[in-house]
Amino acid sequence: MVIWKRKEALDRPLKQEAVVPADDYGSLRREYAALAPRYNIRWQSYIAASVRETLKRAHIRSHDRVLDVGCGTGELLKAISFAVPEARLAGIDVSLEMLKIARSKSSGSVDMREGCAEALPFEDGVCDVVVSSSAFHFFRYPAAALTEMHRVLRVGGRIVLTDWCSDYPACRLYDLILRLFSPGHFRAYNSKKISQLIYSEGFSEINIERYKISWLWGMMTVTAKKAPAATTAQIPPRYHLGKQKP
Ligand SMILES: C[S@@+](CC[C@H](N)C(=O)[O-])C[C@H]1O[C@@H](n2cnc3c(N)ncnc32)[C@H](O)[C@@H]1O
């Protein structure tokens with residue numbers, strides 16, 4: 001079965017397109033168009049650490065269909081394809097310039113599409129795992145992005161989201177500064193807020209691990225499962241916080 005039908009998926013009207021005005025991501029696109037050629041060098045150690053920590057917690061199995069939302073220059077996809085060569089990979093990003101770099105690294109077997117987290121150009125239930133690293137704090141409509149991740153997952157499929165964690169004071173401060181001075185930035189979340197968001201989008205078995213990758217960067221990786229529709233409402237919002245305290 002062909003799961004990533006590029007043409008078909010791109011031809012059909014995108015779900016929720018109307019709630020994401022095109023210019024909502026104008027400043028972010030401009031920011032990443034300028035940054036793309038330098039992104040991997042400028043953020044080298046941050047990317048290496050965040051990708052390593054995400055991969056460690058993603059537990060990708062061979063033949064899993066994995067979608068990376070906000071894949072940027074494709075470093076996480078590259079790491080997954082190295083660790084699990086049989087996994088079937090796709091990535092989306094709003095920045096064409098970032099995607100161009102991601103495409104130049106992939107053998108062509110990775111389905112890379114321009115698109116928004118809030119309107120994923122994929123059919124329902126075609127993913128086993130949706131991953132995202134250092135992108136969630138840009139999403140203007142986080143609930144819509146989670147609804148879309150939930151939609152494209154099969155029942156029993158998982159999300160694995162790594163992002164800044166504003167439980168850590170340094171991240172809280174950095175988030176505030178960026179909200180004031182960086183138009184592309186939206187907001188970082190603390191562990192409580194993100195678990196509430198994820199629970200209210202119908203995920204279960206929410207698990208959050210917090211950790212630091214440097215003196216500045218306090219991160220969290222959130223994993224959660226798409227439960228069968230009938231059981232979702234009955235499962236209370238239990239989530240487990242990793243041992244490392246901020
Ligand atoms: C900090 S980079 C992270 C890239 C990559 N995931 C990594 O770990 O290196 C954030 C990426 O998210 C993308 N992005 C931000 N908002 C997005 C959205 N709503 N939909 C899709 N991509 C988005 C940006 O264009 C950018 O490439």
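Helix 2 (26–42) and helix 5 (residues 96–105) pack at an angle of about 25°, and their axes lie 7 Å apart; axes are lines fitted to C-alpha atoms, for helices over the stretch in contact, and angles run from 0 to 180 degrees between N-to-C directions. The two helices are therefore roughly parallel to each other (angles under 35 degrees). Helix 2 contributes Y32, A33, A36 and Y39 to the contact, and helix 5 contributes E97, M98 and I101; two residues are in contact if their C-beta atoms, placed from the backbone, lie within 7 Å. By class, the residues of this contact comprise six nonpolar, no polar and one charged (nonpolar: Ala, Val, Leu, Ile, Met, Phe, Trp, Tyr, Cys and Pro; charged: Asp, Glu, Lys and Arg; polar: the others, Gly among them).

The model is predicted, with local features requiring pLDDT of at least 70 and side-chain atom pairs pLDDT 80 or more, whereas totals for chains, interfaces and linings use all residues. Residues are numbered from 1 along each chain as its sequence is written.

The protein contains nine helices and eight strands, taken as DSSP runs numbered from the N terminus (helices H or I, at least four residues; strands E, at least two). Of its 246 residues, 42% are buried (20 or more other C-beta atoms within 10 Å of the residue's own, C-beta atoms being placed from the backbone). Among contacts between residues at least 6 apart in sequence, 71% join residues at least 24 apart.

The ligand is surrounded by 22 residues, of which G70, G72, S95, A135 and F138 are the closest (C-beta atom, placed from the backbone, within 6 Å of the molecule). Helix 2, helix 3 (44–58), helix 4 (75–83) and strand 2 (88–93) each supply at least two residues of this shell. The shell has 13 nonpolar, six polar and three charged residues.

How values were computed:
Parallel < 35°, antiparallel > 145°, perpendicular 65-115°, else oblique. Buried ≥ 20, exposed ≤ 12 C-beta atoms within 10 Å, placed from the backbone.
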